[in-house]
Every structure is written in structure tokens, then in C-alpha cells.
Amino acid sequence: MALKVLSALDTAKTQWYHFKAIIVAGMGLFTDAYDLFCIPPILRLLGRVYYQKDRIFRDKRFDNNDNNFFVRIDVATALLCVSLLGTVIGQLVFGRLGDRIGRRRVYGLSLMVMVLSALGCGFSVCTSPGCVLVSLGFFRFLLGIGIGGDYPLSATIMSEFANKRTRGSFIAAVFSMQGFGILASSIVTMTVCGIFDEASNAKGTEKTPSQADVAWRLILMLGAIPAAMTYYWRMMMPETARYTALVELNVLQAAKDMEKVLDVSMSQIVEDESLPLPQDPPSYPLFSKQFLRLHGRDLFGCSASWFLVDVVFYSSNLFQSQVYGKFLPKKYKANAYQDALFVALLQAIVAMCSTIPGYWFTVYFIDRIGRRKIQMMGFLVMALVYFALGIPYKFYWVEHVNAGFMVLYGLTFFFANFGPNTTTFIVPAELFPARFRSTCHGISGAAGKVGAIVGVIGFAFVSHGKTEEHPKAVEMTVSLVILGGVCILGMVVTYFFTPETNGKSLEENEEYDEE
């Protein structure tokens, strides 16, 4: 028989506290997206400030050539991968801590790591290319740890506070804060670069004003402000009732905590009599034979799906340079601020036209269609679009990167977010028992970020020996077709290994343990 406090959570009406929890939990995802999407324009500024004048990376024979304004692809790849590696570690460590000592106790810590390391990125020391990038890489590694820790904690906390009817929408709304983070990174970058450009009065011959070294630091540091503003509310959140009742076995405290935040009276959620504590959770440990028998298939499905979608999603983000090349001004004709501003502007257009709508389509449809169907549909449509881009790329698109290409490319972001990029965040937070929920979400997310590293390195391999914006057409064709094949594999994995969690109480997983 279900505990009253947990039944009350499943049937509770949508209240102000739910929306507050979405904002508070979503700020970590906001910071994650801000950090990821502010990097392309920042790499433009770094290329200008540290590589344009460095004799090791600059060939004076090509002073009027865009190649002299790039951070080398291997350096950019290392900078991206070190952050993703930190994210993998953060998801595993904080995910496990969330189950061992409680979600709330480590929730504020992950946010504080994010805030301090984001500020640290702006204070990266030195003025030589190697030194400043090593310093920046160190702080981005720490930032990745904080971001990684936020993934399993935010998803688990929102799933355990939500009611059964709208749980998917609530978790998707938390994840949709990434969309606003993308947009915010573009707006902040455009604002900062616009102000610096106006204030510097850069002449046509001064392509990289000295203040550009301050601009990129300021952009990174400003991303810490929204997350820092939610720290107090994170500390004020109670432990989730499901963790308190089912893991700590303190049903009375769970009822007291829920009375404070939900519009219910104590008489509605406290047990009628002094019942024995919930049955002691099974004693089998993580990764034991019994765990693998009961949950191994689900954990594989969540991890494999997240791995595959992140291979595609992060590769696709890096391929944005292929789209931008035609629409951006030549670097040797624009100053550093204008160069970064145009990159941010085009990212904002993609975000507003495809990324953010994709997130909110999921919010609206997730509890109507179901997680599994949306995930399969997203993988399938993404595969078809990648094939449509890749197969004729050498013969048509390479010379016709036009509005049609932009629309198709935007569809990959729309159906990633109205599809597996969002559902892979939701399902692990619903599928596992309370004592393993945060850990298993962290493992699934870590597998995803390993996939992201594979995608980043794969893009570097395609771009090896070429300029950042012009890999050979044959290699682009092969890369896009491979991404389409990865999406097909993701659809197959979803079909065979991902169960539907729509409309089910989280406590059904507790009963599942007893089988």
C-alpha cells in the first residue's frame, strides 16, 4: 500500500512551488547551455587576441586570409573535451552522493562549483596562448564537474516533487532552461561585443583592440550570475519526500517537509496509525547480480540512447561553422568584436527558430504522446535530415549553403530537442528506484558525455589539416551520413531497450524490486 505522502505528491494539483522548483532546478542546465554556446564566439576572440599575432601560429604570407584568425582545431578540441571530461566525473560523483547522503545536501555544492569556476574562467591568468588556454581549460574542467553534478540532482529532485500526471512536462521544463541559456549566451555576447566595439572606436586598420582580451572574460563571468541568484532557494528546498520516506525511512519527516511546500494539510498526508516503516529496501548493492537482473537492461537502454544522441548533438553544434561560413563577414575585413557578434547572432537565430521551440514542443506533448514515441520519432527525423544533408552534400550543398540548407540544419536541432536530447534526460529520473535513481541518472548522463567527447574528436578528425570552416566535401558527406546512421541506431536501441514511463508512479519501481 502506497504511503499517503507519496500518493499526495502523485495527485497534487500544479502549484506555485512546482514552478519555483523548475526555475531553481533549471539554472544548472541554463549555465550548462550558456557555457557550451558562448564558446564558439569566444574562440573567435581568443583566436584574434592570442593567435593572430603569435608567430608560431601565424603565417605572414596570409595576412589577408581567414586562416590566421583561428584557434587551432586541436587546441579548440582539447578545450571542449576537458570540460566534457569534468562533466562525466561530476555526473558520476554527484549522482552517487545524491543517493548516499541526500539530494539536497549536495545540490547547493554543485551550483557553487559552477559559479566559482565560471568566475575563474574569466580570471584565467597569463597572456601567452599556451598559458591562458591551460588556465582556462583547468577552470572549464571544474565547471564541467559542477554542471555534471547538476544533471542527476536536478532531474531527480524535479521527478520526485512532481505529480504523476504532469511529471514529464515538469522535468522537460527544467531541461528547457538550456534553450534560454543558449539565447542568453548569444544576447550577452552581442551586448558585450557591441558595447566594446562602440567604446573602442576601432579603426579599419585595428582589427583586434587590446580590450578584446577583457571582453571574452566578461562574457564567461556573466554566465555565473543567474546560477548564483538561485543558490539561496536551493538551500531552502527541503529534501524530497521520496528520498526521506523510501531511503531514510523517515515517513513523518517526509510528511512535515511536504506540508511546508505543498498546499496540503498534515492530516491528509500523515499515516492514520503508527505503521511500521516502509519495508527495508533490498540489500543488494549497485551492480550486483540482482541489480543487473532487475535494472541492467533499463540502465543499458538509458546509457546507450544518451551516448548516441550526444554523439550527434555535439557534432551538430560544431558543424554550425559549416553553415556560418557563407553568412559571416571575412575575418580580415571585420574587427574582433564584429566577428564574435555575428557568430552569436546566427546562434541566436538558430536557437529561437528551432532549438527553443523543440524544447517546448516536448514540454507540451511529453505527457500526451509518451517518452518512448517522442524519442523514436526524434531519432528517425534527425536521421532523415542528416541523409538529406549528407548524401547530396558534395554535389549540391557545398555550393548552395542557402536558406534551404539552414532550414534542414535547423530541423536537426528541433527534433533533437523535441526528441532524444530531452527524453534521455527525463527517462532515467523516472525508471529506477529511489535509492538508485540519482546514481543511475548520473551513469546514463556520463555515458552521454562520453558520446559528446566522441563527437567532438570525430569533428576534429574530419577537420584535421583543413581550416575550421572548410573540411573537404567528401569528408563532410561521410560525416553527415554517419550521423544519420547513428540516429538510426538510436531509434533501434530505443525500440528494444527503452520502456514507457508515462503515467506511472515512481513507486512502481519500488514494487518492481520485489519481483
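**View 1. Phe-365 is partly exposed, with a relative accessible area of 26%.** Here, partly exposed covers the range between buried (under 20% relative accessible area) and exposed (over 50%), using a 1.4 Å probe and protein chains only. Please keep in mind that this is a predicted model, in which local features need pLDDT of at least 70 and side-chain atom pairs count only at pLDDT 80 or more, while totals for chains, interfaces and linings use all residues. Residues are numbered from 1 along each chain as its sequence is written, and side-chain values use heavy atoms, leaving out hydrogens and water. Phe-361 is also partly exposed, at 38% relative accessibility. Both Phe-361 and Phe-365 sit in helix α16 (residues 336-369), four residues apart, or about one turn of the helix. Helices are DSSP runs of H or I with at least four residues, strands are runs of E with at least two, and both are numbered from the N terminus. An α-helix has 3.6 residues a turn, so residues three or four places apart point the same way. Ring pairs join Phe-361 and Phe-365 with Tyr-364, Phe-414, Phe-415 and Phe-418 in one cluster.

**View 2. Tyr-151 and Phe-425 form one of the aromatic pairs, of which the structure holds 26.** Two rings of Phe, Tyr or Trp (its six-membered ring) pair if their centres lie within 6.5 Å; planes under 30 degrees apart count as stacked, over 60 as edge-to-face, and the rest as tilted. The pair of Tyr-151 and Phe-425 is edge-to-face, with 6.0 Å from centre to centre and 75 degrees between the planes. Tyr-151 belongs to helix α5 (residues 129-161) and Phe-425 to helix α19 (residues 420-426), so this pair ties together parts that are 274 residues apart in sequence. Both Tyr-151 and Phe-425 are buried. For another geometry, look back at Phe-361 and Phe-365: the ring centres are 5.9 Å apart and the planes are at 40 degrees, so that pair is tilted.

**View 3. Ala-155 in helix α5 lies 6.9 Å from Ile-426, C-alpha to C-alpha.** These two residues are 271 residues apart in sequence. Ala-155 counts as buried because its relative accessibility is 0%. Beyond its neighbours within four places in sequence, Ala-155 is in contact (heavy atoms within 4.5 Å) with Ile-171, Phe-425, Ala-429 and His-441. Helix α6 (residues 167-175) is mostly covered, with nine of its nine residues buried.

**View 4. Leu-46 is among the residues with the most contacts inside the largest nonpolar core, which has 132 residues.** A nonpolar core is a set of buried Ala, Val, Leu, Ile, Met, Phe, Trp, Tyr and Cys residues joined through side-chain atoms within 4.5 Å. Leu-133, Leu-136, Trp-216, Ile-219, Met-258 and Phe-425 are also named for having the most contacts inside this core. Helix α2 (residues 16-51) gives the most to this core, with 20 residues. A second, separate core has twelve residues, among them Tyr-284, Leu-286, Leu-299 and Cys-440.

**View 5. Helices α2 and α3 (residues 73-100) cross at roughly 145 degrees, with axes coming within 11 Å.** The axes are lines fitted to C-alpha atoms over the stretch in contact, and angles run from 0 to 180 degrees between N-to-C directions. On the α2 side, Asp-35, Ile-39, Leu-43 and Tyr-51 meet Val-75, Ala-76, Leu-79, Leu-80 and Ser-83 of α3. Sorted by class, this contact has seven nonpolar, one polar and one charged residues; Ala, Val, Leu, Ile, Met, Phe, Trp, Tyr, Cys and Pro count as nonpolar, Asp, Glu, Lys and Arg as charged, and the others, Gly among them, as polar.

**View 6. Leu-249 has a positive phi of about 60 degrees, although it is not a glycine.** Leu-249 is in the loop between α11 (241-246) and α12 (251-261). With a relative accessible area of 17%, Leu-249 is buried. Phe-287 also has a positive phi, of about 70 degrees, without being a glycine. The loop holding Phe-287 runs between α13 (266-269) and α14 (289-318), and Phe-287 is partly exposed at 45% relative accessibility.
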